[in-house]
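This briefing sets out the main features of one protein chain, grouped by topic. Please keep the sequence and the model in view while reading.

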Amino acid sequence: MDPSVVIFDLDPEKEAPCCDKLYTCRLCHDNNEDHQLDRFKVKEVQCINCEKLQHAQQICEHCSTLFGEYYCSICHLFDKDKKQYHCENCGICRIGPKEDFFHCLKCNLCLAMNLRGKHKDIHTSRVVAHVLPCGHLLHRTCYEEMLKEGYRCPLCMHSALDMTRYWRQLDNEVAQTPMPSEYQNMTVDILCNDCNGRSTVQFHILGMKCKICDSYNTAQAGGRRAAVDQQ
């Protein structure tokens, strides 16, 4: 490990059952291999801190490193605590809290609890459906309500609009807003919601830009890394 950096919230490297190689995430695996990783079949992880290879779990059995505040033993997802929960019907983990959502078997997705018994199946409703760029369907009225609150698909967080012009404006705002000196050398690992790529970028409070597709629709994927004073 580079002695000039301090890393927090260490994720383990997962051993891919398809090729027996170690990767920190399934997207890194898929970008480097000619096949996709089935995350549900992951059985072992290696601690980045002590390099102990062990069965998939939340805490390292050797050095007690916490791999993730949230861990799903089905999806083998390690993440910060965002009140996630695993929905068996959706087959994936969703951001909760769980008690605020229910799974609609007709729509085949999780909806807010206040919609229970008050919504129509999107496939049978008379309200026109709007197809988002990611392929998900929303009622036209739901789509219009979504735009009042943001720009992302509520199911997969992919940008639902062409954000190119806004990203350029954000470029200018970031350039004109320097961070305090204690943050200027800090970098973070991010996951892009638009291209699913991972990047290591400089931390900025206004947004962190994906190095692959230039989108600011990103989320912190790992720990922050801060340069250590060598003097």
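How many helices and strands does the chain have? The chain has 3 helices and 16 strands, where helices (H or I, at least four residues) and strands (E, at least two) are DSSP runs numbered from the N terminus. The model is predicted: local features need a pLDDT of at least 70 and side-chain atom pairs count only at pLDDT 80 or more, while totals for chains, interfaces and linings use all residues. Residues are numbered from 1 along each chain as its sequence is written, and side-chain values use heavy atoms, with hydrogens and water left out.

**Confidence**

- The mean pLDDT of the chain (the predictor's confidence in each residue, from 0 to 100) is 82, and 87% of the residues reach 70 or more.
- Where pLDDT is low, the predicted coordinates should not be read in detail.

**Overall packing**

- Of the 231 residues, 36% count as buried; buried means under 20% relative accessible area, exposed over 50%, and partly exposed in between (1.4 Å probe, protein chains only).
- The chain exposes about 14400 Å², of which carbon and sulfur atoms supply 49%; accessible areas come from the Shrake-Rupley method with a 1.4 Å probe, and for residues only the protein chains shown count as cover.
- Of the contacts in the chain with a separation of 6 or more, 33% join residues 24 or more positions apart.

**Strand pairing**

- An open sheet of 4 strands runs in the order β3-β2-β4-β5 with antiparallel pairing; two strands pair if DSSP finds at least two bridges between them.
- The edges of this sheet are β3 (22-23) and β5 (53-55); each has a single partner strand, so one side of each lacks a neighbour in the sheet.
- Within the sheet, β2 (residues 13-15) pairs with β3 in the antiparallel sense over 2 bridges, and E15 stands opposite L22 in β3.
- Elsewhere, β10 (residues 101-104) and β11 (residues 109-112) pair in the antiparallel sense over 4 bridges, with A112 in β11 as the bridge partner of F101.
- The hairpin of β10 and β11 has 4 residues between the strands, and N108 takes a positive phi near 60 degrees there.

**Salt bridges**

- The whole structure contains 4 salt bridges, each a side-chain nitrogen of Lys or Arg within 4 Å of a carboxyl oxygen of Asp or Glu.
- One of them joins the side chains of K21 and E33 (3.1 Å, N to O). This pair links distant parts of the chain, 12 residues apart: K21 is in the loop between β2 and β3, and E33 is in the loop between α1 (26-32) and β4 (44-46).
- K21 is partly exposed at 40% relative accessibility, whereas E33 is buried at 18%.
- K148 and E145 also meet in a salt bridge (3.1 Å, N to O); these residues are 3 apart in helix α2 (residues 140-149), so about one helical turn separates them.
- K148 is exposed, with a relative accessible area of 62%, and E145 is partly exposed, at 45%.
- K209 forms a salt bridge with D171, with the closest N and O atoms 3.1 Å apart. Because K209 lies in the loop between β15 and β16 and D171 in helix α3, the pair ties together parts that are 38 residues apart in sequence.
- Both partners are partly exposed: K209 has 28% relative accessibility and D171 has 26%.

**The surroundings of S215**

- S215 lies in the loop between β15 (198-202) and β16 (218-227) and is buried, with a relative accessible area of 2%.
- The side chains of S215 and D194 are joined by a polar contact of 2.7 Å. A polar contact is a pair of N or O atoms within 3.5 Å; within protein, one must be able to donate a hydrogen and the other to accept it, and residues adjacent in sequence count only if both atoms are side-chain atoms.
- Leaving aside neighbours within four places in sequence, S215 is in contact with W167, C192, D194, M208, K209 and C210.

Technical notes. Contact = heavy atoms within 4.5 Å.
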